[in-house]
Structures are given as structure tokens and as C-alpha cells.
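Take a look at the model first.

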Amino acid sequence: MNWLNNFLNSSIGKKFVMAITGSFLLIFLIIHLIGNITLFFGPDAFNGYVKTLDVIKPLIRVIELVLLAAFVFHIFNGFRLWLENKRARPVEYKINGSTENSSIFSRTMFISGSIIFIFLVLHLGTFFWRFNVHDPQQLADAHQYYDIVVGFFQIWWYVLLYIIAMILLGFHLNHGFQSAFQTFGLNSKKYTPLIKKLGTIYAIIMAVGFASMPIYFFLSGGVK
Amino acid sequence: MIKLESKVPSGNISEKWTNHKFNLKLINPANKRKYTIIVVGTGLAGASASATLGELGYNVLTFTFHDSARRAHSIAAQGGINAAKNYQNDGDSVYRLFYDTVKGGDFRAREANVYRLAEVSGNIIDQCVSQGVPFAREYGGLLDNRSFGGAQVSRTFYARGQTGQQLLIGAVASMNRQIDLGTVKLFTRREMLDLVVIDGQAKGIVVRNLVTGEIEKYSAHAVVLATGGYSNVFFLSTNAMNCNTTAIWRSHKRGALFANPCFTQIHPTCLPLHGESQSKLTLMSESLRNDGRVWVSKIKNDMRQPNDIPEEERDYYLERKYPSFGNLSPRDISSRAAKEVCDEGRGVLGGEAVYLDFRDAIKRLGRNVIEERYGNLFEIYETITGDNPYQVPMKIYPAPHYTMGGLWVDYNLMSNLPGLFVLGEANFSDHGANRLGASALMQGLADGYFIIPYTMGDYLASYKPTLVDTSHPEFEKVKNEVQETTKKLLSIKGKRTVDDIHKQLGRIMWDKVGMARNEKGLKEAISQIRNLREEFWTSVNVPGSGDDVNQTLERAGRLIDYLELGELMAIDALNRNESCGGHFREEYQYEDGEAKRDDENYSYVAAWEFKENFNWELHKENLVFEYVKPAVRSYK
Amino acid sequence: METKILKLKLKIWRQKNANSVGSFVDYDVSVSPDASFLEMLDELNNKLESQGLEPVVFESDCREGICGTCGLVINGQPHGPIPRIATCQLHMRNFKDGDTIWIEPFRAKAFPVIKDLMVDRSGFDKILQAGGYISANVGGAQDANMIPIPKDVASEAFDAAACIGCGACVAACKNASAMLFVSAKISHLGLLPQGQPERYRRVDRMIKVMDELGFGSCTNTYACEAECPKGISVKFIARMNRDYIAAKLKSKTLEQV
């Protein structure tokens, strides 16, 4: 297994881990968004959706474990790469011309990732913890999932943080999507422009999709 | 008393090398690692020699003043490399390449060497392809060729406009492989400053570590110099900034003969001067002459823009004077023709430049074809001049480019000092008085890949040289002399900068030992150079110390040698009372201005021996032409 | 021809040696717009030398953009503001009278400064010496036309081989990653049929050395491609990733390095 260790700790290996975990998260976000959209169809739709998830709980738990692993590896590796890459240039340039040669999305991956991470902790603490740990049986019986979510979307600072995080998520995904293809070695004159466009469309859909809920419910004041 | 023995083997010219290879002595494979060989320089000749000697199992120490072997100036060769493959079925053969090269060199090269060069030329292409050199190909996947000056067949292999780069990457990769395997040890940022000769044999070198300033000694059973040419004696040339003559010149002063120093090539297609601050001249590949037409106005001091000069008022002087070779006439002839029309006042805006025009080629082939063939060269041109050559003709003028002269070597590429081998441009051997385009790359690689591996073994087996320890008094003595020179340079603290003096030398050389020479000018040049040399030693200013990076000190050291070599070039030019190839003496020309060779009196290699106080003794190696009979070299 | 002279303020990084602390020093120069950037520095150095001062150490050789020796970071961009050229091909006509120009050395842990603007890029050669070649002894080569190579393959290999090894990719990358250089070298050989036998061993060994030398990782910002004087494409990095992943995950016979 020495080869695996070598591979995972090599520069390309670490990138590979970023790309493979990132790809998994990209898919997860699509499913997550589709599920959340039920919010727009009222309490019954949303509560029904959450309840369905409850029915297949054992499967969900397995997926959650994989998801956890993906997040942990993605975040741990990302942090490690950031640290190592900092060390690769001990003396910074006085004048930095990076705006001339690279996109803001690619340069800000660590910052956007960090803020998304903070959001993620908060996000888990609010919804995930409430749904799963805080007396779930009672919630399920009373179908209160919808109320909890909409309740949070009335708090202005929460909504604001949510929106900022989603914009940065868009940044992160815009670069991450095409970057994953590059890391897997899929870059060609023919397909790469298409991949880049798809990545941007994907990033916009995710950012706008997730942000639309707090905005809608905040503006509508939580009216059913 | 030095006796020049060319050691050309007997027999028919087509069998000489084959027979010679069989007669050369061999070293047992197990014994090869007991021999240490120093190679100085990592251009095509040096890198290929290091790789090949390493492959054979010798213990090779390779030196370069660059930070990386990949930077040697072979990298800048644009156009291509010749080989007698006859892939185009256009009548090429080893014999024709041999014939073209001897004729192109104006009958001043050694026939046997040239034949061998042509003979191994095909193997070079095979070797390079096997190393992964990405030569240009046709749609069928086979190799493509283009034409070059001085030949009527297409035998030039190329990799876009960067053939030298690709060949060097290949040769250096082969050397890197030997470094990986441990047979070659590479020393970077080391400049050879002297040769150590003990009992008449080359035993090692003294180098300066360009980072620490330390003077280091290295000993070996044999020393191979592959340090390139000396065009920078003109200050402005197409050579790289750091190209220099130090290694061969200081070896010359230790006893190696310098042959035909006045044979310098002025390349016809370079960018004209822009001003005083200019640091070097940029070459535009000769391959441009495949499709570009060279012309000037028929009117003197014509101040019109080129596109305003109508067809009938243009003089396509190369096509007019040399109808059968036209724009692809050899370099010496094209350069001189350019100088002639400019001297008449018909140059661009009355100045020193001629037009190289692609208008007709673009009309005939379309812009896309021209772009594919020369796109990168056009870009380079536009970057430097700000003009777009698709719309406005290029302006070009000749510039010093290559030196056919160099250290004298025998058929085995060994100098008169046993154990001192000289390869590539640094030796004098294959190009006579003028080199044909795309032949320099061929010679460098022929010497390194296919000749030195054979002849080195023979030297080691027949001379049985011993390895001298670097604590030997002679090593110490040479090292001290080198240190003394450094100290002296640093202590003068005069008023003139190194570049200032070098520019002055360059002007003397260009005006009087350049494209056209005469007795009066050469004599003036000799005395002016001597004076300048004296001035150098009293008024140069080299700031800094010798204990770390000091680029001024490096340049000053090189200038010492140019100031001496320049004089010998003038002496050699003065001695050669004829015109041949790149050496044009105004006194010796036909009525139409063509060069007038004197085969009766000057069919020899002029090999100069350095004596005390800047005196030189001339030794002659007579040239015998058994196969290509000397004739007036006509490209009409 | 206009003979306008540009007056410029230069802020140049001066550093005595690898162990000392450097700083920016101001110089005023006047220069013709036809001069190249390095000729402008030559003139400055000539002036300094004539005053008995130590000139600014910078490297250059061919001055035709092919040897890869020169390399300065000019106003934050390796090889200056004009794309697809080396520092030696940059001409002063691209600057305006009165401009201030910051000149810094390439900065990377793997490229330590030797003096002033001169850096040690020998790491690149260490990588090449760990497999950046095709093992083909002289003497045994078959006829060159025995290996037909499709024109587009040869052309793509050339695109990679055009790399001049200047190090601008490392200098431009926010992570000081060498992946554009290494991938260009690997792709040049890996694309050609001659390079197949050693393809996976080569990528495995070269990456190992690259990692040991302290270059950063690629985060796909592509600043390298934008600053590369030869326009080497980042598609070669993708290709290298693919080969490396294959070398590590697929090949059974490969000795692990």
C-alpha cells in the first residue's frame, strides 16, 4: 500500500483527491438543490420530502458518511495545499501582476472555500442538528421542518450570510468544476471551452438556486 | 618544430572513414571507465560528445558557463540541418552534399573531412529522430525537407524555425541520461580560463566558478573543446552575449595552432542596426529566402516607402546577377551583393539595409501558407521592429554570424597538442572559407555523435596518457597565472568600461576586417588593435571583486582574448592575398566584382603558432583536391 | 523615424548574495524607444561601471527569445507586459515617458536568488536528469522514415517541445508550481512513438524529483500559460496528470519510486 501513500501525498495525488472529492460534492449539491426546491411548493411538499428521506434513513446515513469523508478530505487537503503552496514562495512580489494573467475565481479558491466552510458549520448546526438530533421524533410528528427553515430565513443576518456564502460558492464552483476536469487529465481544444461554459452555468444555477430560497422567504415574510 | 600532419587516411574517398574506423585502436569496455575526459561546452557538439562518450563508458566531466546545458547558442539556429537522405528523390547523394560543401567553402576545406561529414549526415537524422526530435512532417507521417542556400536539392530537415533548439534539447537529453546513469558529471556556471599542458599533452583545465569566484582545477586523460566561434570579436554579431573565444584562444596560447582565423561568415539576412545602444544583431533565418525576394531601388537615395516603389523600379539584384541560384545564393555572395548595392547608395532610404519581400509569395501561395512556414519568424520581426512583414517588406542587412576558422585539427579532430580535441564551430575543419546554411548543426552533431567516440579511443590506446594529479606544479602555475590576471583586471580602475572598449574593437573589425578587406585597412587595423590593447590594460574599469558573481569581470576576461585574436585575424587576412568565401580582399576580384581565388599560392590552411610578444609563425597545410576540382565558383 | 527619448524611473531589486537581505534601489534612465529592455539595463550598467559602481546583475544570452536565460519580473509580470515574448524581446516602445518600472527577480523557494536579479534555476535540470529523455544510444538508430508520425502528433509534440525552460511559469504561478515546464517536457516525449517505452516510468520519476525540490502544486489558475513566452498550453498539465495517475494506479510492472 506504499504506492497509495506515495500517490496521495504527491503534488498530483493531492490534486486528484481535491478533484475526486470535489466532483462528489458537485453531484451532491445538485441533489440537495432539487430537494430544497420543494420549499417553494409549500409545507406539505417540503415536509413530505424530508419524511421520505426519513423512510430510507439507513441509506441516507451511508451517503452521509461518504459525504462527510468527501468534505473532510476536500477541506483537509485544500488546507494542506494552501499551506505548502505558501511555503513554495517565501518572499512575495512587491508588485503582483496576477490580475493580468489569471481569473479572480481561481485565485480566491482558498478564501471562498474558507468562508463556505464557516457557513457549512453554521448550516449543519442549524438545520442538520435540529432535524436529526434535536428530538427528531417530535419534529416528524408535527411536520415542523418547514417552519424551522422558514423561521431561519426571517433572520436578516442569517440570510445575508447565506447569500454571501452562496455567491462565494458560485465562485468556488465556477473554478472547481472545470478544474476537476483538468486534474483528471481531461483537457482538449475541442471540449474544454464547453466544459468551462457548463461549469459557469452550473455555478450560477447553484448559487442562484440556493440563494433564491432565503431571499424569497425573507422578502415574503414567511407567508404560506 | 611543429609538423602538421592531417592524418587523412589513404584510399578512395568513399572508403577512407570506413577503413580508418577499422584501423583505429579500441579500448576494452571494462577499461573505459578508468579514463577521464573533460568536455568544455554543451552546445550541439559538446552535449553530443558528452552523451556519446558517456554511453561508451568513459568518465566524462562536462563544463558550461551557463546555468544549464540547454542554453548554449546552438539553440538559436533557426533554419535546419542538412543530410544527404535523398528523401525527396531530387538527385541528392552523399557525393553531392560533399561536392556542394567543398564548392560552397570555396575550395579551402579538407576534402576527406567534408566527405565524412556528408557520409554521417544521414545517421544524424536517424539518431535525432530516435531521441524524439520533432522534425517537420508531411501528412503521410514522413519527414519534410526544405531548400537552403548554395544547394539545388531539398535536403534540409527542420523543426519550424527552431531546429537548433530541438536538436540541442535532444543532445542535452541524451547527456542528461548519462548524468542520470552516472557516467557524465556536469559542472554548470564554470568558465574555462586556461588549458594545462604537461609534456606537450593536454592534461586538464582551469576554470572560474562564476558564482563563488573560485578558480578550480580539473585533470583528465584528454580534453575536448566544443566552445563555439568567435564572431563576438565584432561586438555586434548574431552570437549570444556570452559566446566567447577564451577557451580556444587560451589553448592557442598554450601551443594549439589557430587555423584560418580570417574566415568569418557574414550572414545576409539579419535585422539592421537601430542605434548605439544595440547589444546584438538578430538573425532572420536564411530559409526566408526560399520565398522572399531580395531587392533594392534602382535609384540612388530613394526616399520612397517600399510599397510606393513600382515593380519596374525595383532591382532584384540576386536574381539578376545569379539567375540559377537567385535568392538562394550562398551567404558570402549574398552578403557581399547587399553591401555592394548599399555602397552604391541604393539601400533602404539610402542607408544600410535591403528589402526582403514576401508580396509575390503571399500572392502565389496565400497568406496561410506563408504563415505556416514563417509565422514565428514574422512575429519575431514585428516584435523587434514594429513593422508587419505581411504588409511591408522586411529590412535586412548582413551581420557577423559564424566563424569557419578555429583551432587546427587533424582528421581525428585532435589539435597539434596530443589530448586536445576540438569539435564543432571551435575547430576549422569542414567549411573552408564559407559555410553553407544548415551545415553548422550537421557538423556539430557529426563531430560529437559519430567522430569523437572513435578517435578518442584511438588516442587513449595509442598515446596511453596518464592522469596527472591537480596538485602537480603545472596546474598550480596555471592557476596562479589566472588569478594574477583577475587581480590585475580588478586593480586597473581606469576610466573606460569594458563594453566601450569592446565596441571600439568591433568597429575596427567591422570596418577593416569585415565583409571587404584591403591591405591598407588591414595594416591600420593591426596597429589600431595593438594600441587599443594597450589602452585596455591601462584604462579599463572593472568594478566589484573576484569573489562572487562579477559579470563585468567575465566580459573583461573575454575582451582580453578578442583584443589579441582580432590582431591575428587581420594578420591572417593580410597574409591571404586572394579572395575566397567569406574572405574578400578588394585587390583580388574579377571585373564583375566576383571573388578571385589564387589556388596556385593559397590553396592551404593557414595555421598560426603563437610566439612570444604577439608574434605568430605561419604553418601551412596544403590542400589537395582529388575529387572536386577547384574551379571558379559560379552560381550564375 | 521619431527620435523621442523616454525618461523612466526604475526600481530594481538589489541583493548582494543568497544569504543577504535585498531591497529596491531607484535609478533614473533615459532611453530610446527602439532599444530593448535589456539594452536599457545594459546602458544603466555601463553608466554604473563608468562611475566605478557595481552593475546590476541580470542574466541573458541569446537575446532572441530562445535560450531561456533571461527572465525578470517587470511590474509584477514575468517577462513584462507583452504576452508571448521573453524579457530580451521586450522593447522600450511598449513603455511611456515618465513610467515607473519595478524590476524583481523570479521568486520561488526552488529558485533562490544568487545575486540581484539572477536566480538559481538548476532545479529544472535536476527534474530533466530524472528521466526527461528517450534512452537511445548512438549507433543503433533505424532509418528516420521507418517511424511515420502523423503530422498533427509531431506538431503537438513540437508545441510542447517549444518550451525554453526559462522558469516564467514558476515565477507567474501563485504557488510557484513547475507543472507547466515539467508537463511540457513529459508531453514532448510522451506524445511521440519513440517515447512510449519509458512513458510511465518517466512521469513517475520526474514528478518525484519535482515534488522534492519544493515547487508548489498546480491549482489550475493558468497564470503560467498566460505568461509563458512560448504559449505552452496547460492542456499538457492535464496530459501529465493523466499519465501520472495511470502510472500510479494502473501499471503493475513499474518499480515504485
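How much area do chain C and chain A bury between them? The answer is about 3400 Å², with 57% of it on carbon and sulfur atoms. Buried area is the accessible area (1.4 Å probe) that two parts lose on being put together, summed over both.

This is a predicted model, in which local features need pLDDT of at least 70, side-chain atom pairs count only at pLDDT 80 or more, and totals for chains, interfaces and linings use all residues. Residues are numbered from 1 along each chain as its sequence is written, chains are lettered from A and ligands numbered from 1 in the order in which they are written, and side-chain values use heavy atoms, with hydrogens and water left out.

**The two interfaces**

Two pairs of chains are in contact, and chains B and C share the most contacts. Contact means heavy atoms within 4.5 Å. Chain A and chain B have no contact; their closest C-alpha atoms lie 19 Å apart.

The size of an interface is often given as the accessible area lost when the parts come together. The table sets the two pairs side by side.

| Pair | Buried area | Share on carbon and sulfur atoms |
|---|---|---|
| Chain B and chain C | about 6300 Å² | 49% |
| Chain C and chain A | about 3400 Å² | 57% |

**Chain C against chain A**

Here 48 residues of chain C are in contact with 37 residues of chain A. On the chain C side, C:Arg107, C:Asn220 and C:Tyr222 lose the most area to chain A, together 15% of what that side buries. Between these two chains there are zero salt bridges. A salt bridge is a side-chain nitrogen of Lys or Arg within 4 Å of a carboxyl oxygen of Asp or Glu. Polar contact is found for 23 residue pairs, both at pLDDT 80 or more. A polar contact is a pair of N or O atoms within 3.5 Å; within protein, one must be able to donate a hydrogen and the other to accept it, and residues adjacent in sequence count only if both atoms are side-chain atoms.

Which element gives the largest share of the side of chain C that touches chain A? H8(C) does, with 10 residues. Helices (H or I, at least four residues) and strands (E, at least two) are DSSP runs, numbered from the N terminus. That side of chain C holds 27 nonpolar, 12 polar and nine charged residues. By this scheme Ala, Val, Leu, Ile, Met, Phe, Trp, Tyr, Cys and Pro count as nonpolar, Asp, Glu, Lys and Arg as charged, and the others, Gly among them, as polar.

Chain A itself has 11 helices and zero strands. Its C-alpha atoms fill a box of roughly 55 × 45 × 35 Å, taken along the principal axes.

**Chain B against chain C**

This contact takes 75 residues from chain B and 77 residues from chain C. The rule finds 11 salt bridges across the interface of chain B and chain C. One of them joins C:Glu64 to B:Lys280, with the closest N and O atoms 2.9 Å apart. H6(B) gives the most to the side of chain B that touches chain C: eight residues. That side divides into 28 nonpolar, 30 polar and 17 charged residues.

**Helix packing**

Axes are lines fitted to C-alpha atoms, for helices over the stretch in contact, and angles run from 0 to 180 degrees between N-to-C directions.

In chain B, helix H6 (residues 163-181) and helix H12 (residues 440-463) have axes that come within 11 Å and cross at roughly 10°. H6(B) and H12(B) are therefore roughly parallel to each other. Angles under 35 degrees count as roughly parallel, over 145 as roughly antiparallel, 65 to 115 as roughly perpendicular and the rest as oblique. The contact of H6(B) with H12(B) has five nonpolar, four polar and no charged residues.

In chain C, helix H6 (residues 199-212) and helix H8 (residues 235-249) pack at an angle of about 100°, their axes 9 Å apart. That makes H6(C) roughly perpendicular to H8(C). The residues of this contact are seven nonpolar, no polar and five charged.

**Salt bridges overall**

The count over all chains comes to 82 salt bridges. Among them, B:Asp194 pairs with B:Arg254, the closest N and O atoms being 2.8 Å apart. This pair links distant parts of the chain, 60 residues apart.
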